[in-house]
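Please keep the sequence and the structure in view while reading.

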Amino acid sequence: MLRSITRSSSLGSTSLFFRFFRQFPRSYISRSSSATAGGNIRRVSTPEAAGRQLFLRRGLRFPSAASGSLNGQFSRLSLRAFATQPAPSYTELGQDEAEKLGFEKAREEFISECKSKAVLFRHKKTGCEVMSVSNDDENKVFGVVFRTPPKDSTGIPHILEHSVLCGSRKYPLKEPFVELLKGSLHTFLNAFTYPDRTCYPVASTNTKDFYNLVDVYLDAVFFPKCVDDVHTFQQEGWHYELNDPSEDISYKGVVFNEMKGVYSQPDNILGRITQQALCPENTYGVDSGGDPKDIPKLTFKEFKDFHRQYYHPSNARIWFYGDDDPVHRLRVLSEYLDMFDASQARESSKVIPQKLFSVPRRIVEKYPAGGDGDLKKKHMVCLNWLLSDKPLDLQTQLALGFLDHLMLGTPASPLRKIILESGLGEALVNSGVEDELLQPQFSVGLKGVSDDDVQKVEELIMNTLRKLADEGFDTDAVEASMNTIEFSLRENNTGSFPRGLSLMLQSIAKWIYDMDPFEPLKYEEPLKSLKARIAEEGSKAVFSPLIEEFILNNPHCVTIELQPDPEKASQEEVEEKNILEKVKASMTEEDLAELARATEELGLKQETPDPPEALKYVPNLNLSDISKEPTYVPTEVGDINGVKVLRHDLFTNDILYGEVVFDMGSIKPELLPLLPLFCQSLLEMGTQDLTFVQLNQLIGRKTGGISVYPFTSSVWGKNDPCSKIIVRGKSMVGRAEDLFNLMNCVLQEVRFTDQQRFKQFVSQSRAKMENRLRGSGQGIAAARMDAMLNVAGWMSEQMGGLSYLEFLQTLEQKVDQDWEGISSSLEEIRRSLLSRNGCIVNMTADGKSLTSTEKFVGKFLDLLPENPSGGLVTSVARLPLRNEAIVIPTQVNYVGKAGNIYSSGYQLDGSSYVISKHISNTWLWDRVRVSGGAYGGFCDFDSHSGVFSFLSYRDPNLLKTLEIYDGTGDFLRGLDVDEDTLTKAIIGTIGDVDSYQLPDAKGYSSLLRHLLNVTDEERQTRRGEILSTSLKDFKEFAEAVDSVKDKGVAVAVASQEDIDAGNKERSNFFEVKKAL
């Protein structure tokens, strides 16, 4: 299962040094299941996200504290990552040792910013370059990167990225990648396709496991089976499918359907048009991911030739990072690289810069839109600049990054604030600096624009930029931006994303263009120089010339207007159907019979499992490599002024992480949909003494961020859900008093009086939900099913599902009609929440810092009311049980089915985690993805509620997928797994349970376990059950899965055409709701 990400407005603050605030490239495709729509993941309501998928299983691991469960200040910047100590003492890797292995040492430096020794080697025979970064980080990272510039939009780089992981010389089975997903302790396993390069990274904390992953990946990229196997090309790329000569021909292929999903999302369409319009004359003028209209033009010969041309050591950059032996790294590489001679790939793959335009350009395109609502108000407009005809120097890039953050990085940033407050649109789109490709670009866009206001938006953007150039930035804004950046660099926090991979992607952004791979890792001197310039010359002298030179006086500007077209999706379907009808008409009876035979042959191959002897080729760990005990987080439970306090004594580099938890039990059910907007209002409205801009800047100057969001989950063994509001903050320990003072200010002093800002919040939230419905329909379907099956699910869906979207659609008018009533409801929520009674404080830092912080916590708690207003509200609400189809304009579907297996008598056992992961990685992967052509298919068991759910992602099918779900029980009953397969499934599950966590995540996970009554004793019990899982457990679980087939509910987010066909085949199977 894979994904494609397009930059959004919340990710605007990116530059060379801030790139990993975002962590992922703007336009990449990735291969891993767990990275996207699936992979044994669980939904817990966190900010604006009922149905958000996080790892949260009974007695197992919890979401990373930096993994996206944060909003407000936290969501504005994810964080760069660095190691904390020098490398362990391995034998020094000298020039002689390297020479013996075929390498020469080109350069060596100690990078103080990441406390690592970095050595650049060059393989003498092929010219392959290797960065070997050594430190004490146990989360080891390897990556091999090829420059892969496409010449057209047939998607060759993307299809090849999928295909090379489908078997290789040493690992001749169908998909070694999936076997690694099943049975590795990996902390990262994926592959990315950029517009001009393809990356294959892995990570693990277990050295044996790490080198297993490295070997599989090296063999995959250099010696893949796919170049000799047309079936892999057909499966991952595209093929004609015909089950019977009398039926219609269709297109199938994983990448083909993935990109159909991408091209169904307006934000993605805008991002792709932007890139291609800014660089029409080089490789960026085409889509490396593939345009569904062009993918079927790709031939198997072109596919093979592309691999032969670019997947060569001469065109590779290889990265190692962590605490493993640097000599062993080169030893492993030499075995592969020595088999090759030098080639011209490095020269032939060079990206030619786009020449700058002499005059601006304008493009008008259409995007598929639903027929409901006022389409005149659904336009999108975006202004885009290519900033230079060559890569920029480090100082300029750093300054542009700060400028980007100043203009767009927070709700208080002037460009962002002025555009949104204009009322000309709903939300920013495709906005910010993008510097991961050869030439940097800057974009500012707005969606939800009236057709009459398109010109006004363009004028507003240009006038605001002119004003910023003329007047400069507020001193407090510059200080807040500087503190935010410096705090993030000090914190070194990448959440669950490996630190070494952050560094690799950062380095490769220069290295891939034959520039210095060390330079992007060293920020201290350029940062010091920039601060000195600002201090000496003033910020206006630093930033205004940048706005003038790169934006206002830059003729290489492309204005893009996207217009809604309710007919576009159906027209494209008709066009595709017409093409296929012509293909069929051109075939003889013999041709059709041969195509039907080939379809059957491919299907048979896809559904035939690898023989046991083939599976043995993939290196595995043993159960003896696995600890029998879970990882424990030091937790001391005490109290301050009568309020329960959890303390976690962990080294955090002098940073304090704090959470304050309030109970939602007194909030009336009808107020639940207001909660996400209440949380946003706390952070983005002002007080009596501070405007929201001043408050926002104060938080940026004094802390690392404050966040407020709802959290809901079922609790195992209890009828009542856990429903909380969590306030999260972080600061340097020396700023702890400021942190808790600002938390108090946000909670108690913010006034709900700004009607126009609140109306903006509603419009922005609606736009986000509509985008989520198009791009992550599986989350909407999951939330909807949860809402039918348990109270916690219903609460979550009210705050982040389809019900929430419907609430937002009516609230926009209500803000004008009854603002006084809405403001009053927001105050009622505050009165119902804020109370010392039932409050919990969670703190993570070293012991001395925790002790010194207690007095500030006590002062904060003393300012809280003793009890909430209003009594305890008990809710038993659920959505009615029914099969539901949610209509959106899309070329692919999201199909779900779920049921509560506790209601059918299932008793929780840790083996259920092993079984559900195995179902996802075998039955559903093979049937929904490989054979069915969906981007992904997976199942999930929420052991807190008992809900077992199936979901698919970017799926060309609907009823066929539901039939596969219903066949799961029979699959389990017929299963015959050997000891190796069982061991692999167990180890893979333990890998999920023991996922790598940074200190803040450990403290936060401990808090969630406390809230959900998950004890260390129970964690030990579940771990024992996982480790002792047997084939008998699989067989017995079939009965539980059958209860989903017999008593479950189905929800699909799909096109009108597919829903109509489904209801025709199964008479009125779905109740239909139109969403967009």
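What follows treats salt bridges, then a charged patch, then a helix.

The structure is a predicted model, in which local features need pLDDT of at least 70 and side-chain atom pairs count only at pLDDT 80 or more, while totals for chains, interfaces and linings use all residues. Residues are numbered from 1 along each chain as its sequence is written, and side-chain values use heavy atoms, with hydrogens and water left out.

**Salt bridges**

A salt bridge is a side-chain nitrogen of Lys or Arg within 4 Å of a carboxyl oxygen of Asp or Glu. The count by this rule is 77 salt bridges. Three of them are listed below.

| Pair | Distance (N to O) |
|---|---|
| Lysine 260 and glutamate 573 | 3.9 Å |
| Glutamate 576 and lysine 260 | 2.8 Å |
| Aspartate 980 and lysine 616 | 2.9 Å |

Helices (H or I, at least four residues) and strands (E, at least two) are DSSP runs, numbered from the N terminus. The salt bridge of lysine 260 with glutamate 573 ties together parts that are 313 residues apart in sequence, because lysine 260 lies in helix 8 (residues 254-262) and glutamate 573 in helix 20 (residues 568-585). Buried means under 20% relative accessible area, exposed over 50%, and partly exposed in between (1.4 Å probe, protein chains only). Lysine 260 has a relative accessible area of 5% and is therefore buried; glutamate 573, at 25%, is partly exposed.

Lysine 260 also pairs with glutamate 576, which is in helix 20 and 316 residues away in the chain. Both glutamate 576 and lysine 260 are buried.

In the salt bridge between aspartate 980 and lysine 616, aspartate 980 belongs to helix 35 (residues 979-993), and lysine 616 to the loop between helix 22 (612-615) and strand 21 (636-640), 364 residues apart. Aspartate 980 is partly exposed at 40% relative accessibility, whereas lysine 616 is exposed at 55%.

A network of salt bridges links Glu104, Arg122, Glu129, Arg147, Arg317, Arg346 and Asp514.

**Negative patch**

Asp244, Glu247, Asp248 and Glu581 form a surface patch of negative charge (residues with over 30% relative accessible area and no salt bridge, like charges joined within 9 Å). Aspartate 244 sits in the loop between strand 12 (239-241) and strand 13 (250-252), and is partly exposed at 32%.

**Helix 11**

Nine of the twelve residues are buried, so helix 11 is largely enclosed by the rest of the structure. Among the buried residues are Pro326, Arg329, Ser334 and Tyr336.

Notes:
Patches are made of residues with over 30% relative accessible area and no salt bridge: like charges are joined within 9 Å, nonpolar side chains (Val, Leu, Ile, Met, Phe, Trp, Tyr) within 5 Å. Accessible areas come from the Shrake-Rupley method with a 1.4 Å probe; for residues, only the protein chains shown count as cover. Lys and Arg count as positive and Asp and Glu as negative; His and the chain ends are not counted. The place of a charge is taken as NZ of Lys, CZ of Arg, CG of Asp or CD of Glu.
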